[in-house]
Structure formats: structure tokens, C-alpha cells
Amino acid sequence: MMVMVMMVTVCHACPRICHCSDRNGLVVQCTSRDLDHIPPHLPKDTAVLLLSSNRIRHLPKGALADLHLLRELDLSQNALDSVEADAFQGVSEDLQTLDLSQNQLSSLPRDTFSRLHAQVRLSGNPWHCECSLQEVLRELRLDPETVNEVTCFSSVEEEYVGHPVIQVLDSGVNFCNFHHKTMDLAMFVAMFCWFSMVSAYIIHYIRHNQEDARRHMEYLKTLPSTSHLTKDPDTASSVC
């Protein structure tokens, strides 16, 4: 009996800075606690984790590991500007809602939401519209109530700034095409620079050899001629 009590106590251990309650599952309330990171050693039976209105800037790999019963995760109104690819590794595939709205996210790793089927809120972030963001959006279900609030704060094409990302993509725009064009242009510029350097080297090499050849010819002209050398013995014999 003592062992069972200890196991239950460990299972429901609540972080001191948070408040925990049981409402159809364990709710861990850490809202407005001035946190700059996710509290460690969260109860493994957490069903709802509320972390909004804090100062969390980075979501590292394993920060939410072993939360296999998690149904709701709220990280809204923080200062999140980076999320590692495996940040949600270990989170239950049964996660229903994930709120990342009102942060400082401009991009996300491509596989950020792989294996998750949650409805995601991404509104209120300074998104940079380009190929990787397009790939991320293909992997998730955006919250329909806030989908038009996910806008391009910046973009590979200036004309899409301020427009809802989904509307831009639904119009047939493919940001990955712009990415490939940019890569092709960069490749062309690199090849042109390489060709210019090779050409300059060849021209320098030819000019250098021409200069050496000219100096060699001038040197040969300064040498005594062969006919002059052959006459010298005759002259010497006549003198004798």
C-alpha cells in the first residue's frame, strides 16, 4: 500500500512554480509565471499544459518528452523565436490542440510537426514566406478560426508581404519555385566568376610567356653571329 501511494505521488508531482488540478485529466497551469524555459520533470500524466504569457524563447529537443497523455499545449504569448526539429518528440500523437500564436517565430524546421495530428495556431508571428514554411504548413492542420491571421511578415517575393499565407498558396503560388530560381541564379553567378578567374589566369599566362619570349629574342640578338665566329680562325691564320 505504501509503495502505491509513493508511485501516485511521484506520478502527480507538480512543479512548485505551477498550479496543478485534476479536471478530466491533470491540468498543469504555468501561465504568467515569468518563465524563460519549460519547467523540467513535468508529471508524465499531464493532459493539459498551459505555458502562455511567459518569456520562453527557445523550445529544445526533449523539452516535452514522455508526455504521452498530453491533449492540449498552450505556448502562446511568449517570446519563442526558435523551435528545434524534435522539440515535440515524445508528445502523444493524440495531442488535440497546440497554440504557438503571438510569438516571434519566422520559420520552423521542416519536420517540426511530424507525427502530430493536432490543430495548430500560428497566428501573430512574423513569418518569412519561403519554401521551408510552405513545406511545414503541408504537414499540419491550421486552426480554422485563425488561419487568415497567419500572414507573411516578409517574403522571398515582396508582393506577398501582409497577405495570409494560405490564401497566397491557394492562389497557386509555389515558394519553392522561387527558391530553385534563386539557387539557379546563385549557381550561374558562381560559374561566371569561376570562368572569369580561369580566363584571367590564361590571359595572364599567355602575356607572361610572350614577354619571356620577347626578352629571350632580344638576348639572342645580342650574341655574336655564327658567320662572325667562323671567320675569326681564317683571320688568325692569315696574320701568321
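## Close-up views of a predicted model

**View 1. The largest pocket of the structure.** The largest pocket has a volume of about 220 Å³, a value computed, like those in the legends that follow, on a predicted model. Its lining is made up of 16 residues, and of these Pro-39, Pro-40, His-41, Gly-62 and Ala-63 lie nearest the centre of the pocket. By residue class, the lining of the largest pocket divides into nine nonpolar, four polar and three charged residues.

**View 2. The largest cavity and the residues around it.** The structure holds one cavity of 30 Å³ or more, and the volume of the largest cavity is about 30 Å³. Ala-85, Asp-86, Ala-87, Phe-88 and Gln-89 line this cavity together with Asp-111, Thr-112, Ser-114 and Arg-115. Three nonpolar, three polar and three charged residues make up the lining of the largest cavity.

**View 3. The largest nonpolar core, with Leu-73 among its members.** This core has 47 residues, of which Leu-73, Phe-88, Phe-113 and Leu-122 touch the most other members. At least two residues of the core are supplied by each of strand E2 (26–29), strand E9 (127–129), helix H2 (131–137) and helix H3 (165–170). When residues up to four places away in sequence are not counted, Leu-73 touches Leu-49, Leu-51, Leu-64, Phe-88, Leu-95, Thr-97, Leu-98 and Asp-99.

**View 4. The aromatic pair of Phe-88 and Phe-113.** The structure holds two aromatic pairs. In the pair shown here, the ring centres of Phe-88 and Phe-113 are 5.9 Å apart and the ring planes stand at 25°, so the pair is stacked, planes under 30 degrees apart being counted as such. The pair links distant parts of the chain, with Phe-88 in the loop between strand E6 (82–83) and strand E7 (97–99) and Phe-113 in the loop between E7 and strand E8 (119–121), 25 residues apart. Both Phe-88 and Phe-113 are buried, and Phe-88 is also one of the residues that line the largest cavity.

**View 5. The aromatic pair of Tyr-160 and Phe-175.** The rings of Tyr-160 and Phe-175 have their centres 5.9 Å apart, and because their planes stand at 85° the pair is edge-to-face, a term that applies to planes over 60 degrees apart. Tyr-160 lies in the loop between strand E11 (152–155) and H3, whereas Phe-175 lies in helix H4 (residues 175–222), so the pair ties together parts that are 15 residues apart in sequence. Both Tyr-160 and Phe-175 are buried.

Terms used
Residues numbered from 1 in each chain as written. Predicted model: local features only at pLDDT ≥ 70, side-chain atom pairs only at ≥ 80, totals over all residues. Heavy atoms only, no water. Core = buried A, V, L, I, M, F, W, Y, C linked by side-chain atoms within 4.5 Å. Buried < 20%, exposed > 50% of the residue type's maximum accessible area, 1.4 Å probe, protein only. Helix = DSSP H or I, 4+ residues; strand = E, 2+ residues; numbered from the N terminus. Contact = heavy atoms within 4.5 Å. 1 Å grid on protein atoms, 1.4 Å probe; cavity = no way out; pocket = protein on both sides within 12 Å on 5 of 7 lines; lining within 4 Å. Points joined across faces, edges and corners; volume = space filled by probe spheres on them. Nonpolar A, V, L, I, M, F, W, Y, C, P; charged D, E, K, R; others polar. Phe/Tyr/Trp six-rings, centres within 6.5 Å; stacked < 30°, edge-to-face > 60°.
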